[in-house]
Amino acid sequence: MTELLTTNIYLQILMAFGFGLICYAVNAYCFKPGKSLLLSSILLPPVVCVALMAVNGSIGASIAVLGVFGLVRFRSLPGTGQDLICVLYAMVMGLLAAGGVALSIIVSACLLSAIVVGSALWLNHRPEEMEIHIVVPEDDPAENEYMQILRTFGKQVRMERIKTAGMGTLYELTYRFVLKPKASRTQLLGEVRSRNGNLAVTLFEKAGLESF
């Protein structure tokens, strides 16, 4: 009996690692998060699985563990909705690994299909919004001129905020917009730098950060 129980525990932990690899592949393909979150996708399922086996399958304790693990990622850093899905998906996979083998495989396959189909239908067809920070001289902010430049390369342009920089000698203008399909990022940044006198311009996008 003890050998059978030990075998089941090893099988569940091994299955949790397998679920972790699945989480890594799904999150990398659908959401393209950072390396830290991808590593968490691999390690969280076995960690949650072991934690649930340690509380002897108590439903109340399982829910508490799921809530605690889900909140750790967002305790100090703000997270996006996609980050939340990645974390909770890994949590649920760890919960499934601690349960029955057959049910775990069926439910995990349903979750995997739902996430892949949902991301394909929504994320891939949603226009990618970009954010640009433009540092300008205090005596020549020219907010409307930068708005016109951005409208040449993008659409849905809107100003987010204006704040002082450089001990009050500069302004930092923040705009959000959707880049047009054939627009060039380098040409956009060149136009902006020509207008603001080669002061700092920072362009944020989904894939990362371009600073010039």
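Reply: Let us begin with a single residue. Apart from neighbours within four places in sequence, threonine 174 contacts Glu131, Ile132, His133, Arg158, Met159, Glu160 and Arg161. Please bear in mind that this is a predicted model.

Me: In which strand is threonine 174 found? Is threonine 174 buried or exposed?

Reply: Threonine 174 belongs to strand β3, which covers residues 170–179. Its relative accessible area is 0%, and a residue counts as buried under 20%, so threonine 174 is buried.

Me: How many of the residues of β3 are buried?

Reply: Of the ten residues of β3, seven are buried, so the rest of the structure largely encloses this strand. As a general idea, side chains in a regular strand alternate between the two faces of the sheet.

Me: How should I read the pairing of β3 with β1 and β2?

Reply: One looks at the direction of the strands and at the bridges between them. Strands β1 and β3 run antiparallel and are joined by nine bridges. Within this pairing, valine 135 has glutamate 172 of β3 as its bridge partner. Strand β2 (residues 154–165) also pairs with β3 in the antiparallel sense, over nine bridges. There, glycine 154 stands opposite leucine 179 in β3.

Me: What do β2 and β3 form, and how many residues lie between them?

Reply: They form a hairpin with four residues between the strands. In the turn, glycine 166 has a positive phi of about 60°.

Me: Which strand pairs with β4, and over how many bridges?

Reply: Strand β1 (residues 129–137) pairs with β4 in the antiparallel sense, over four bridges. Glutamate 131 has phenylalanine 204 of β4 as its bridge partner. Strand β4 spans residues 201–205, and four of its five residues are buried, so β4 is largely enclosed by the rest of the structure.

Me: How does one describe two packed helices?

Reply: Two packed helices are described by the angle between their axes and by the distance between those axes. Here, helix α6 (residues 143–153) packs with helix α7 (residues 185–196) at an angle of about 165°, and their axes are 10 Å apart. Angles over 145 degrees count as roughly antiparallel, and α6 and α7 are therefore roughly antiparallel to each other. The crossing of α6 past α7 is right-handed.

Me: Which residues make the contact between α6 and α7?

Reply: From α6 come Glu145, Tyr146, Ile149, Leu150 and Phe153, while α7 contributes Gln187, Leu188, Glu191, Val192, Arg195 and Asn196. By class, this contact has six nonpolar, two polar and three charged residues.

How values were computed: Residues numbered from 1 in each chain as written. Predicted model: local features only at pLDDT ≥ 70, side-chain atom pairs only at ≥ 80, totals over all residues. Heavy atoms only, no water. Helix = DSSP H or I, 4+ residues; strand = E, 2+ residues; numbered from the N terminus. Buried < 20%, exposed > 50% of the residue type's maximum accessible area, 1.4 Å probe, protein only. Contact = heavy atoms within 4.5 Å. Axes fitted to C-alpha atoms, helices over the stretch in contact; angles between N-to-C directions. Parallel < 35°, antiparallel > 145°, perpendicular 65-115°, else oblique. Left-handed = near helix turned anticlockwise from the far one by under 90°. Nonpolar A, V, L, I, M, F, W, Y, C, P; charged D, E, K, R; others polar. Pairing = 2+ DSSP bridges.
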